[in-house]
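Here is a briefing on the fold and its side-chain packing. Please keep the sequence and the model in view while reading.

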Amino acid sequence: MKKTICLSLLIFLYFSSLGLAQNRGDLISSTLVASYDLAGIEDVYEDFGLTGILAAFFAIDYDSVEIHKLVYWTIDARGEALIEASGLVTIPVSTDCAFPVVNYNHGTLRYDAQLSDLNAFAMQHLVGVPFAANGYVMVSPDFLGYGATPNYHPHAYLHAKSEATAVVDMLRAATVFCETAAIPLSEQLFLSGYSHGGHVTMAAHRELQEFHAEEFRVVASAPISGAYDLSGTMRDSILLSDNFSNSFFIGFSMLSYQFVYGNLYEDLSEVFVSPYDSLIPLMLNREDPQSDIFDLLPTAGYQMFQPAYRDAVLNDPEHPVNVAIRDNDVYDWIPQAPTHLYYCESDDVVPFSIALSTSDHMISLGAEDVTAINVSEEEDHQGCAIPSVLFAKVWFDEFRESCNTSASTLAFGEAIRIYPNPFTDGIYLDTR
């Protein structure tokens with residue numbers, strides 16, 4: 001009997017040492033990947049155009065900021081096993097305040113431009129620096145399929161459940177990290193994200209509200225230019241529009257949903273005409289992504305499809321593609337926390353009407369504080385990002401309960417608003 005007990009204990013300890021006894025959200029490792037003094041912070045501000053009066057909205061209250069890469073456990077996209085994931089946490093180096101947390105979710109990234117490698121498209125890996133300098137802790141997951149995730153697991157693009165669980169578990173890991181690093185946190189959690197990250201933000205908000213309300217308190221949520229209605233407006237835009245400007249999204253979604261659901265096709269040639277059936281897997285090869293292929297994709301994304309496959313998706317509501325994208329819609333629920341859906345009218349990737357219809361639908365369901373906000377009439381999809389993040393941050397400051405920073409002194413209470421797009425049209429303060 002003693003030998004049996006000892007053997008069982010040894011087996012348990014052995015597998016525990018391999019990490020197989022871990023839980024979702026457990027922190028595996030943390031690595032300091034960048035640090036900024038005052039001069040470095042000011043350089044980041046310059047890069048983002050946060051100069052002059054705009055810098056006042058991100059007043060530098062903390063002149064030392066660090067970015068750490070976290071590796072943590074989460075559930076895989078099929079919900080079958082624990083898997084490693086990673087992301088960034090950006091912190092003010094200070095213990096004199098209980099800092100609120102902002103979860104920022106990045107836009108679509110190619111496999112050769114990853115957040116935690118500090119080379120993300122449009123400097124999204126640096127978004128946390130102005131927030132941290134102003135007294136927020138920013139938590140930014142890579143998402144499954146990037147960073148520390150093993151190469152066999154692709155990114156489950158626009159897959160709401162795994163997006164949400166990756167965010168929840170990254171927040172848990174960041175909480176543990178901040179406790180270890182003696183960075184005090186308040187109980188306030190703000191959510192935001194741009195483009196793909198807008199979809200992630202909506203999915204994460206729903207997940208946090210429905211399953212983790214006692215663990216995290218969402219104060220306000222600000223998705224930006226997200227494809228919340230995948231099965232309606234977004235699907236039709238992709239399959240019918242001559243002007244859909246990012247065909248890469250189509251290949252990314254198809255391969256991702258095939259990985260998760262397994263029933264969209266038996267061979268990619270059923271879906272895409274030549275040469276796209278051969279080119280798309282090369283772009284989405286995590287070990288050696290061929291990014292130059294992006295330039296070979298057509299402007300009208302539907303031209304990549306086999307006509308019969310496209311017609312089947314358009315005409316059969318129960319086609320596996322339609323079932324999959326309905327499963328990943330994120331508009332049909334009622335946010336309890338205040339929610340601003342930021343958009344730009346000249347968006348050339350995600351129809352701005354999605355923000356309006358999503359807001360209207362949520363209100364019709366009974367939502368009491370959901371608003372669609374037009375940031376700019378002129379900015380396209382990419383140009384919408386930075387001004388929308390600024391608008392979100394100014395709005396978050398209205399709810400902020402932590403330290404009396406100079407930003408919260410500027411605080412934009414209920415009667416003060418900035419308009420229209422401060423990056424292109426000048427800035428105006430309405431104090432009525």
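Which residue in S3 is the bridge partner of Val 71? The partner is Ser 86. This is a predicted model. The points below start with the sheet, then move to the helices and the side chains.

**The sheet**

- Nine strands make up an open sheet with mixed pairing. Their order is S1-S2-S3-S5-S4-S6-S7-S8-S9.
- The edges are held by strand S1 (27-36) and strand S9 (370-376). Each has a single partner strand, so one side of each is left without a neighbour in the sheet.
- From one strand to the next, the twist averages 20°.

- Strand S2 (residues 65-75) pairs with strand S3 (residues 82-92) in the antiparallel sense. Eleven bridges join them.
- Val 71 and Ser 86 are one of these facing pairs. In another, His 68 stands opposite Val 89 in S3.
- S2 and S3 form a hairpin, with six residues between them. Gly 79, in the turn, has a positive phi of about 70°.
- S3 also runs antiparallel to strand S5 (residues 137-141), joined by four bridges. Here Gly 87 stands opposite Pro 141 in S5.
- S3 is mostly covered, with nine of its eleven residues buried.
- In a regular strand, side chains alternate between the two faces of the sheet.

**Helices across the sheet**

- Helix H12 (residues 385-399) lies across S4, S6, S7, S8 and S9. H12 runs at about 160° to S7.

**Ser 388 in H12**

- Ser 388 is located in helix H12. Is Ser 388 buried or exposed? Ser 388 has a relative accessible area of 0%, so it counts as buried.
- Not counting residues up to four places away in sequence, Ser 388 touches Ile 224, Tyr 342 and Val 375.
- Ser 388 and Ser 192 are 196 residues apart in sequence. In space, their C-alpha atoms are 9.8 Å apart.

**Helix H9**

- Which residues of helix H9 (residues 307-315) are buried? They are Tyr 309, Arg 310 and Val 313.
- These residues cover an arc of only 100° around the axis, which puts them on the same side of H9.
- The cover over the buried residues of H9 includes helix H6 (230-240), H7 and helix H10 (320-327).
- The face turned away from the buried side carries the exposed residues Pro 307, Ala 308 and Asn 315.

**Aromatic pairs**

- The model has 18 aromatic pairs.
- Phe 248 and Phe 252 both lie in helix H7 (residues 248-261). They are four residues apart, about one turn of the helix. Both are buried.
- Tyr 343 and Phe 352 form a stacked pair. The distance is 5.7 Å centre to centre, with 15° between the planes.
- Tyr 343 is buried, at 9% relative accessible area. Phe 352 has 28% relative accessibility and counts as partly exposed. The cut-off for buried is under 20%.
- One aromatic cluster is formed by Phe 58, Phe 131, Tyr 136, Phe 190, Trp 395, Phe 396 and Phe 399.

**Charges over rings**

- Lys 393 places its charged end over the ring of Phe 58, 5.0 Å from the ring centre. Phe 58 is also one of the residues of the aromatic cluster.
- Arg 110 lies over the face of Phe 294. The distance to the ring centre is 3.7 Å.

- Pro 351 is in the loop between S8 and helix H11 (353-365).
- Leaving aside neighbours within four places in sequence, Pro 351 is in contact with Thr 233, Met 234 and Ser 237.
- Pro 351 and Ala 227 are 124 residues apart in sequence. Their C-alpha atoms are 8.1 Å apart in space.

How values were computed. Residues numbered from 1 in each chain as written. Predicted model: local features only at pLDDT ≥ 70, side-chain atom pairs only at ≥ 80, totals over all residues. Heavy atoms only, no water. Pairing = 2+ DSSP bridges. Helix = DSSP H or I, 4+ residues; strand = E, 2+ residues; numbered from the N terminus. Axes fitted to C-alpha atoms, helices over the stretch in contact; angles between N-to-C directions. Contact = heavy atoms within 4.5 Å. Phe/Tyr/Trp six-rings, centres within 6.5 Å; stacked < 30°, edge-to-face > 60°. Buried < 20%, exposed > 50% of the residue type's maximum accessible area, 1.4 Å probe, protein only. Lys NZ or Arg CZ within 6 Å of the ring centre and 35° of its normal. Arc of directions from axis to C-beta.
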